[in-house]
Amino acid sequence: MSAVEVPLAGERKRGLPGDFAIWIFIFAELLVFGVFFLSYAFTRASHVDLFNQYQQHLDRSSGAINTIVLISSSFFVVRAVNAIKHGASALCARWLGLAVLFGGIFVWIKLLEFSAKYAEGISLSTNTFYMFYLSLTLFHFMHVLMGMVILSAVAVKSARGDYSIENHVGVETGASYWHMVDLVWIVLFPLVYVMH
Amino acid sequence: MEKANRNAFWVWLALVVLTLVTWMVGELGYGGVSVVALLLLSVSLKGQLVIDVFMGLAQVDSRWKWVLTGWLITVVLLIGLAYWISVRGVH
């Protein structure tokens, strides 16, 4: 990681936060999720009754709790970035650790939700609604796991003092990815669990 | 930096409140074009708050940041179009 120019208070930053390579990855991921969301919405337009019927069987409370868990995790990541901008690498590591812990809570709740559906005998081939529900949420789930790995690696580096006020590109890179995971879920939850 | 943390806290609170409203709409079984429009407005607001404050792109001078806002607007508008088509198809 190369050193970065630290903007003065009130000064606008040039360029996106973190490594630009992660942004190419983020844009590609958003494109894929966008196509997935629109496929769901337009397929639903041809199967309104089916989608409305089976949407009622989803655990909306789990979905809402997971949204709050993910939003909170993103907030902790913001605190981590702000901490390292002050040179507080140990504090940054603690905030990142908390963010990973909340990522773990999201994963746990999602696994409970998946296992409940599995126990009901529901699979990708049950019907078109469940095909979308399972594939969309599983795809997002994989991104949460990947984000947790990235944030854990960044937290360990931060705890070792590898980041500073001048050089914290790695923290911003991991943070940007995690916020993308949050952003996607913010669209996914109302689309799949609520709108009818 | 205290100000940045305070701003992030208020955004977190707004996101939580909007999420609870969304959940309540689902629990009460509200649906239809106007409800979907309000939910999509909520999604747009929440998404833009994440982009501007959590990602910190409001403070960035880069054309690239408009890719995210463009993605959000495009996805929300097209989801709205799909729901509008579904209602026209039903009635």
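Guide: Chain A has 6 helices and 1 strand, where helices (H or I, at least four residues) and strands (E, at least two) are DSSP runs numbered from the N terminus. Their order from the N terminus is β-α-α-α-α-α-α. This is a predicted model, in which local features need pLDDT of at least 70, side-chain atom pairs count only at pLDDT 80 or more, and totals for chains, interfaces and linings use all residues. Residues are numbered from 1 along each chain as its sequence is written, while chains are lettered from A and ligands numbered from 1 in the order in which they are written.

The part to look at is the pairing of helix H1 (residues 20–46) of chain A with helix H5 (residues 128–159) of chain A, whose axes come within 11 Å and cross at roughly 165°. Axes here are lines fitted to C-alpha atoms, for helices over the stretch in contact, and angles run from 0 to 180 degrees between N-to-C directions. Because of that angle, H1(A) is roughly antiparallel to H5(A), a term for angles over 145 degrees. H1(A) supplies Phe36(A), Tyr40(A) and Thr43(A) to the contact, and H5(A) supplies Thr128(A), Phe132(A), Leu136(A) and Phe139(A). Two residues are in contact if their C-beta atoms, placed from the backbone, lie within 7 Å. By class, the contact of H1(A) with H5(A) has 5 nonpolar, 2 polar and no charged residues; Ala, Val, Leu, Ile, Met, Phe, Trp, Tyr, Cys and Pro count as nonpolar, Asp, Glu, Lys and Arg as charged, and the others, Gly among them, as polar.

H1 and H5 of chain A are among the elements that give two or more residues to the largest nonpolar core, which has 82 residues. Such a core is a set of buried Ala, Val, Leu, Ile, Met, Phe, Trp, Tyr and Cys residues joined through C-beta atoms within 7 Å, and a residue is buried if 20 or more other C-beta atoms lie within 10 Å of its own. Leu151(A) and Ala99(A) are among the members that touch the most others. Leaving aside neighbours within four places in sequence, Ala99(A) is in contact with residues including Leu151(A) and Trp178(A).

Finally, 42 residues of chain A are in contact with 41 residues of chain B. H1 of chain A is one of the elements that supply at least two residues to that side, although H3(A) gives the most, with 12 residues.

Methods
Parallel < 35°, antiparallel > 145°, perpendicular 65-115°, else oblique. Buried ≥ 20, exposed ≤ 12 C-beta atoms within 10 Å, placed from the backbone.
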